[in-house]
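Subject: Handing over a structure, with notes on what was found

Dear colleague,

I am passing on to you the structure shown below, together with an account of what was found in it. Please read the notes alongside the coordinates, and follow them element by element.

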Amino acid sequence: MNTFEVDYYNVLNVSRNATKEDILKSYRNLAIKLFPLRDAQNIRDVCGKDHENIFTHMSPLPLSRQWKYINMACDILGDDLRRSIYDRFGESGLLQGIYLPDGYFPPYQYHGNHMKVYHTIFGSYSPYSHIIDAIVSPTPPQFGKNANGIGSKIKDPPIFKQILVELEDVFNGCVKLMHVWREEFVDKNKFRTEKRRKTLTLSIPPGVTAGTRFCFYEEGDRAPTKIPADIIFIVEDMPHKHFKRINQHDIIYVHEINLCQALTGFQFIVQTLDKRDLKISISDVVYPGFLKRVIGEGLPKCNALDISGTAAPCNSVTKDYGNLIIEFKIIFPSYLTKEMKQLTRNYFAELSIKENEESSKNSTCYQK
């Protein structure tokens with residue numbers, strides 16, 4: 001990591017090989033001291049008589065900045081995937097977004113709600129959360145309880161939605177506006193909700209592969225007693241009139257020809273995904289299973305940052321493209337007259353004689 005990046009391990013005063021339990025424990029110890037709405041009596045019970053002189057390893061930074069840093073650090077290091085990306089690519093890789101083997105990890109953006117992190121952690125771990133939460137944010141009686149009988153918010157399971165993307169959009173990249181209906185708070189106390197439409201902006205990079213997941217963090221239904229679900233969009237290819245994707249970045253095009261063309265050669269035009277006319281010439285005999293491979297006329301390949309290895313920077317497209325693979329469907333004549341059949345027999349008989357002569361010549365040359 002460069003010198004301008006925040007060291008979130010240092011923020012929480014833990015080592016880089018610290019366990020998740022150590023990270024959360026350190027956060028809880030710091031949060032009890034730095035909690036901005038702490039009550040004097042409660043903090044005295046927890047921290048002792050010297051609670052007025054709050055001192056941490058980050059002093060003399062203002063308490064408000066320390067409070068911000070520890071919550072952001074916990075939001076990153078407390079999540080296994082974010083932590084692994086941060087460990088491998090630093091803060092810049094986390095904030096820019098990267099390509100993983102199983103899909104695209106969008107740029108991380110801290111939501112800025114420090115109390116959300118605080119409530120998430122203390123609702124499950126802190127023995128004092130039932131005291132502090134009752135003072136800071138009273139909850140309705142239908143609040144759930146954890147194994148210790150302490151009130152806690154439970155996060156809704158993720159919502160998966162399929163998004164069909166045309167191959168032209170895969171080739172060029174695009175921006176999709178995804179409209180979802182969700183429950184939203186309509187009062188200041190955040191108790192009453194109603195269905196409203198939310199628009200999510202989804203930026204799809206060129207060369208995106210089918211199965212890539214785009215996650216919108218906690219954009220699900222709002223509720224007083226629950227943490228909103230993540231909304232995850234999964235990319236799927238929309239059926240195309242002419243092309244089909246294979247091997248992630250190659251595309252197949254099927255071209256129909258007659259028997260005469262298959263035997264004598266031909267030319268034809270293929271319109272590519274970016275609307276160019278590509279002239280294809282075939283001089284070979286087209287037999288069943290024959291393929292014509294046009295290098296570099298497939299889908300673009302992204303510069304993917306791999307979690308397991310080194311790669312080029314993300315959010316860009318290389319000059320490397322997949323291939324266009326042309327398959328041929330031979331259309332046989334549906335009718336031949338007697339004369340045409342005889343001419344065909346004569347042709348193949350003559351062809352057989354020529355092949356035998358060529359085979360004899362090659363055999364003689366080989367013996368010499």
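Of the 368 residues in the protein, 38% are buried, and please keep in mind throughout that this is a predicted model. The secondary structure comes to ten helices and 17 strands. Among the contacts between residues at least 6 apart in sequence, 61% join residues that are at least 24 apart.

The helix pair H2 and H4

Two packed helices are described by the angle between their axes and the distance between the axes. For helix H2 (residues 20–34) and helix H4 (residues 63–77), the angle is about 160° and the axes are 10 Å apart. Because angles over 145 degrees count as roughly antiparallel, H2 is roughly antiparallel to H4. The crossing of the two helices, H2 and H4, is left-handed. On the H2 side, the contact is made by Ile23, Leu24, Tyr27, Leu30, Ala31 and Leu34, while H4 contributes Leu63, Gln66, Trp67, Ile70, Asn71, Cys74 and Leu77. Sorted by class, the residues in this contact of H2 with H4 are eleven nonpolar and two polar, with no charged residue.

The sheet around S9

Strands of a sheet pair through backbone hydrogen bonds, either parallel or antiparallel. Three strands form an open sheet in the order S4-S9-S7, with mixed pairing. S4 and S7 stand at the edges and have a single partner strand each, so that one side of each is left without a neighbour in the sheet. The twist in this sheet averages 25° from one strand to the next.

On one side of S9, strand S4 (residues 159–165) pairs with S9 in the parallel sense over seven bridges, and within that pairing Leu164 stands opposite Glu236 in S9. Strand S7 (residues 213–216), for its part, runs antiparallel to S9 and is joined to S9 by four bridges.

The loops on either side of S8

Pro228 lies in the loop between strand S8 (226–227) and S9, and Glu218 is placed in the loop between S7 and S8. Pro228 has a relative accessible area of 11% and is therefore buried, and Glu218 is buried as well, with a relative accessible area of 4%. Pro228 and Ile154, although 74 residues apart in sequence, are 8.8 Å apart in space, C-alpha to C-alpha.

Two residues with positive phi

Most residues other than glycine have a negative phi, and most peptide bonds are trans. Glu218 has a phi near 50°, a positive value in a residue other than glycine. Lys275 also has a positive phi, of about 70°, although Lys275 is not a glycine. Lys275 lies in the loop between strand S12 (266–271) and strand S13 (277–282). Is Lys275 buried or exposed? With a relative accessibility of 56%, Lys275 counts as exposed, whereas Glu218, at 4%, is buried.

The four-stranded sheet

Four strands form an open sheet in the order S10-S11-S17-S14, and here too the pairing is mixed. Strand S10 (243–246) and strand S14 (291–294) stand at the edges, each with a single partner strand, so one side of each lacks a neighbour in the sheet. Neighbouring strands of this sheet are turned against each other by 30° on average, direction ignored. S10 runs antiparallel to strand S11 (residues 250–258), to which four bridges join S10, and in this pairing Phe243 stands opposite Tyr253 in S11.

Note on methods: Residues numbered from 1 in each chain as written. Predicted model: local features only at pLDDT ≥ 70, side-chain atom pairs only at ≥ 80, totals over all residues. Heavy atoms only, no water. Pairing = 2+ DSSP bridges. Axes fitted to C-alpha atoms, helices over the stretch in contact; angles between N-to-C directions. Parallel < 35°, antiparallel > 145°, perpendicular 65-115°, else oblique. Left-handed = near helix turned anticlockwise from the far one by under 90°. Contact = heavy atoms within 4.5 Å. Nonpolar A, V, L, I, M, F, W, Y, C, P; charged D, E, K, R; others polar. Buried < 20%, exposed > 50% of the residue type's maximum accessible area, 1.4 Å probe, protein only.
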